[in-house]
Amino acid sequence: MIKAIVGANWGDEGKGKITDVFAQEADVVVRFQGGNNAGHTIINEYGKFALHIIPSGIFNEHTTNVIGNGVALNIPALIEEIELVKARYDKPFQLLVSDRAQIVMSYHVRFDELEEQRLSKHAFGSTKSGIAPFYGDKFAKLGFQVAELFDLEHCCQKVDRLLDIKNTMLVHLYKQEPLTKKAIMDELQAHRDMIAPYVGDVIAFLKQAHKDQKTILLEGQLGALRDPDFGIYPYSTSSNTIAPYASVGAGLPVAIDEVWAVTKAYSSAVGAGPFVAELFDEEAHELRERGGDAGEYGAKTGRPRRVGYFDCVATRYGVAVSGATHVVMTNLDVLSFLKEIPIIVGYDTPNFHQDRFPNITRIQHSKPIYNTLPGWEVDITEITDYDDLPKNAKAYVDFIEQQIQVPIHWVSNGPHRRQILKRIK
Ligand code: GDP
């Protein structure tokens with residue numbers, strides 16, 4: 001059984017928690033794209049963890065955690081995260097890194113910072129983890145796969161071409177000191193030594209696991225609206241976040257049985273770009289402070305997230321482009337303070353459909369069209385059976401399900417692993 005867990009929105013939907021719940025019964029959890037530029041928050045009996053690169057199945061002894069070829073692998077960040085997990089979790093864990101994953105180099109991070117600085121007020125709000133320069137190099141054939149680290153002579157030949165290009169930019173565009181061959185070779189060697197214990201042939205491993213009918217989870221990062229093809233490009237990330245890409249980025253080229261799209265009961269987004277749902281001032285402040293497990297602040301950067309009410313237009317599109325078969329709605333408990341809950345049911349976009357998610361040039365002119373439903377105004381975090389939710393909370397979920405056109409199987413009513421209500425059993 002292969003399941004993908006992806007975000008239906010702008011990221012931060014609570015995928016980490018949902019993967020952690022699923023992972024308890026999974027044999028394998030695979031990260032298939034992105035790098036350490038976003039965070040999954042997991043709260044379990046060992047404490048609270050913000051995982052940026054380690055797959056969310058790490059807290060289950062029987063689960064093999066895989067970093068697939070589609071990931072932007074920052075090796076020092078991975079090792080640091082392993083140490084953080086080990087400090088509070090003393091059981092053994094299994095981690096396998098694809099020999100085809102490419103590595104984030106320190107100059108990727110530097111280029112990311114320099115470009116954001118150069119763009120100044122037009123910056124994208126990058127987390128400055130080097131992700132865009134990394135994927136740029138991957139497709140320009142300037143990157144290094146993990147396997148290449150084990151043949152440094154081969155790497156040495158590639159470095160000359162790399163230096164021509166990088167140093168032209170560093171010196172002439174950014175007015176910085178050039179990189180040296182020695183520094184790059186030293187870094188590659190250090191990366192090799194750190195990653196060596198974890199490297200393996202992920203394609204062969206996953207093929208066998210699939211043949212043995214293991215349960216395999218493919219864990220996405222960010223959300224559909226950050227996909228470079230289908231999202232709000234260029235305010236997107238640099239790797240495909242949608243489920244159809246999961247087979248490619250994991251290294252498991254077979255059909256996915258179930259696609260679970262995670263959506264939040266309201267909207268949140270970090271970074272720049274069009275965000276039709278955005279609220280401001282007091283209304284935004286209240287929702288932001290009550291959101292998530294400790295307010296809506298980026299797991300990676302601590303930046304305040306932009307917030308708004310649930311957006312049916314964006315989420316219907318988000319679940320559709322991922323081919324979602326199941327939806328999980330998280331953070332329903334956060335809305336308990338509202339007397340009435342507005343929901344975006346359409347976009348007012350000049351000369352365009354109200355129910356469609358517009359392209360980047362149109363969306364800048366879109367205004368939200370709201371419907372309002374009554375709130376429930378009681379704490380729902382202790383409820384353990386979906387049927388016991390207040391009538392208005394269930395009506396809220398029913399309404400959204402009708403709008404997004406994919407069944408909402410589970411509802412999450414708190415950040416903890418146990419706070420999951422199974423609506424469709
Ligand atoms: P991810 O990147 O999709 O895993 O999402 P994040 O972990 O960045 O953000 C989700 C936030 O919501 C985290 O603070 C979670 O602890 C929190 N969270 C997840 N599900 C729920 C829920 O049902 N209710 C509340 N209050 N918080 C939740």
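Predicted model: local features only at pLDDT ≥ 70, side-chain atom pairs only at ≥ 80, totals over all residues.
**Reading the cavity, the pockets and the ligand site**

Me: Which residues line the largest cavity?

Reply: The general idea is that a cavity is a space the probe fits into but cannot leave. Here the lining is made up of Asn9, Trp10, Gly11, Asp12 and Glu13, together with Lys264, Tyr266, Ser267 and Ser268.

Me: And how many cavities of 30 Å³ or more does a search of the whole structure find?

Reply: The search finds 1 cavity of that size, and the volume of the largest cavity is about 30 Å³.

Me: Let's turn to pockets. What volume does the largest pocket have, and which residues lie nearest its centre?

Reply: A pocket, in contrast to a cavity, is an open set of points. The largest pocket in this model has a volume of about 950 Å³. It is lined by 42 residues, and those nearest its centre are Ser126, Ala132, Ser236, Thr237 and Ser238.

Me: Which helices supply at least two residues each to the lining of the largest pocket?

Reply: Look for α3 (106–119), α4 (131–139) and α5 (152–173). Of the lining of the largest pocket, α4 gives the largest share, with 5 residues. By class, this lining has 20 nonpolar, 12 polar and 10 charged residues.

Me: In which pocket does the ligand sit?

Reply: Good thing to check! The ligand is found in the second largest pocket. Around it are 20 residues, and the closest are Lys15, Gly16, Gly39, Asp293 and Ser412.

Me: Which polar side-chain atoms lie 2.4 Å and 3.2 Å from an oxygen atom of the ligand?

Reply: When reading such pairs, the cut-off is N or O atoms within 3.5 Å. Ser412 has a polar side-chain atom 2.4 Å from a ligand oxygen atom, and for Arg305 the distance from a polar side-chain atom to a ligand oxygen atom is 3.2 Å. The backbone takes part in this list too, with an N or O atom of Gly292 lying 2.9 Å from a nitrogen atom of the ligand. As for cover, the ligand on its own has 590 Å² of accessible area, and the protein covers 97% of it.

Note on methods:
Residues numbered from 1 in each chain as written. Heavy atoms only, no water. Near = heavy atom within 4 Å. Polar contact = N/O pair within 3.5 Å; in protein donor to acceptor, adjacent residues only side chain to side chain. Areas by Shrake-Rupley, 256 points an atom, 1.4 Å probe, with all protein chains shown as cover. 1 Å grid on protein atoms, 1.4 Å probe; cavity = no way out; pocket = protein on both sides within 12 Å on 5 of 7 lines; lining within 4 Å. Sits in = over half its atoms within 2 Å of the grid points. Points joined across faces, edges and corners; volume = space filled by probe spheres on them. Helix = DSSP H or I, 4+ residues; strand = E, 2+ residues; numbered from the N terminus. Nonpolar A, V, L, I, M, F, W, Y, C, P; charged D, E, K, R; others polar.
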